[in-house]
Amino acid sequence: MIFLHKSFFFRIFAANFTNASKFMMDSREFLEQYGIQYTRERAYVVDYLMSHNTHPTADEIYAGLLTKQIAVSRATVYNSLKTLTACGAVFSLQITEGTIRYDINRHRHAHFRCIRCGKIEDMPMSDLRNFSVPEGYKLLREECYLTGVCACCRGVETTAMC
């Protein structure tokens, strides 16, 4: 039988507490930046989006949180996403018909969807210099969706992870 000193457990607890506090602080700052009231559940959703650049659906976020053993209801995930989207902190994307995906990347970019594997990736987007909005219109957001076959499916060597 192995006996461990109580200071060992304290070090483990302190390390986990520090990481959890850092995560919550980052999520809290993000929520405050958009004027959204902090809740632990919203912080979990924000952290998931920040750490998964896969443009997940609400159900994928919910399943991902469950695999991390985070107790949150499906309705809470949907309500959190609704609030985050309404405040402009997160974009909702409807790249494929009937599926809403979420993107926390606020930098100007396009989305590329592979027709073979279904992966959706962020792509750099150059200025649309020749594009103009008619007088009287107000542009709220630029959206650019590209469809094709990704390098991985084409068998082309790239630095991208397949």
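1. Of the 162 residues in the protein, 28% are buried, where buried means under 20% relative accessible area, exposed over 50%, and partly exposed in between (1.4 Å probe, protein chains only). The protein exposes about 11,500 Å², of which carbon and sulfur atoms supply 55%; these areas come from the Shrake-Rupley method with a 1.4 Å probe, and for residues only the protein chains shown count as cover.

2. The model is predicted: local features need pLDDT of at least 70 and side-chain atom pairs count only at pLDDT 80 or more, while totals for chains, interfaces and linings use all residues. Residues are numbered from 1 along each chain as its sequence is written, and side-chain values use heavy atoms, with hydrogens and water left out.

3. Confidence is given by pLDDT, the predictor's value for each residue from 0 to 100. The mean for the protein is 81, and 78% of its residues reach 70 or more. Among the elements, α4 has the highest mean pLDDT (97) and α1 the lowest (54). Over residues 1–25 the pLDDT is below 50, and beyond near neighbours in sequence this stretch has eight contacts in the model, a contact being heavy atoms within 4.5 Å. Where pLDDT is low, the predicted coordinates should not be read in detail.

4. The protein has five helices and five strands, in the order α-α-α-α-β-β-β-β-β-α along the sequence. Helices (H or I, at least four residues) and strands (E, at least two) are DSSP runs, numbered from the N terminus.

5. The largest nonpolar core has 21 residues, and V45, L49, I61, L65, V77, L81 and L84 touch the most other members. Such a core is a set of buried Ala, Val, Leu, Ile, Met, Phe, Trp, Tyr and Cys residues joined through side-chain atoms within 4.5 Å. Two or more residues each come from α1 (6–33), α2 (40–51), α3 (58–67) and α4 (74–86), with α2 giving the most, five residues. Leaving aside neighbours within four places in sequence, V45 is in contact with I61, L65, V77, S80, L81 and L84.

6. In α3, the buried residues are A58, I61, Y62, G64 and L65. They lie on the same side of α3 because they cover an arc of only 165 degrees around the axis, taken from the directions from the helix axis to the C-beta atoms. These buried residues pack against α2, α4 and β2 (101–103).

7. Strands β3 (residues 109–114) and β4 (residues 120–124) pair in the antiparallel sense over five bridges; pairing requires at least two bridges found by DSSP. F112 stands opposite E121 in β4. The hairpin has five residues between the strands, and G118 takes a positive phi near 85 degrees.
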